[in-house]
Amino acid sequence: MKVQGFSHVTINVKDLARSLRFYVDVLGMKLVHRGRKDAYLEWGSAWICLQERSDMAEQRPQIGVDHVAFFIDERDFAEAVEQLKANEVTIVREPTRRGRGLSVNFLDPDGTQLELHTSTLAERMKVWK
């Protein structure tokens, strides 16, 4: 297989309108398409799909994806953290230096954990060798 990179992530949400307000208005993602039960958003070179699944039971901790991390330039990190706090977003791990990068973890309206991180994998591996 000749995979060239990461494509996207799909996140199940209870209420698409509520989640769009968070992902577009709070995080600043660009809405590319909105269907009846799904929406596609861009954030820099990353893109995600929000999929309304109001029929799903309450999520419980499970084996699988722990969180989704997005790269952000270190020059923009402090402003992004302030924007999260100004919008009363639940921060589950306060801003901290991890390896050579800064990191903050927070929750979307359905409790999906997201992260903003400022370093690359190569930079992290230099610290962890």
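Buried area is the accessible area, taken with a 1.4 Å probe, that two parts lose on being put together, summed over both. In this predicted model, local features need pLDDT of at least 70 and side-chain atom pairs count only at pLDDT 80 or more, whereas totals for chains, interfaces and linings use all residues. Residues are numbered from 1 along each chain as its sequence is written, and side-chain values use heavy atoms, with hydrogens and water left out.

The domain assignment, of an automatic or database kind, divides the protein into domain 1 (5–53) and domain 2 (63–128), whose centres, taken over C-alpha atoms, are separated by 18 Å. Between domain 1 and domain 2 an area of about 1100 Å² is buried, and carbon and sulfur atoms give 71% of it. Of the area that domain 1 buries against domain 2, 42% is supplied by F22, V26 and W43, more than by any other three residues.

In terms of contact (heavy atoms within 4.5 Å), 16 residues of domain 1 meet 14 residues of domain 2. The rule for a salt bridge, which requires a side-chain nitrogen of Lys or Arg within 4 Å of a carboxyl oxygen of Asp or Glu, finds one across this interface; the side chains of R18 and D110 meet in a salt bridge at 2.4 Å, N to O.

On the side of domain 1 that touches domain 2, two or more residues each come from β1 (9–13), α1 (16–26) and β4 (46–52), helices being DSSP runs of H or I with at least four residues and strands runs of E with at least two, numbered from the N terminus. The largest share of that side, six residues, comes from α1.
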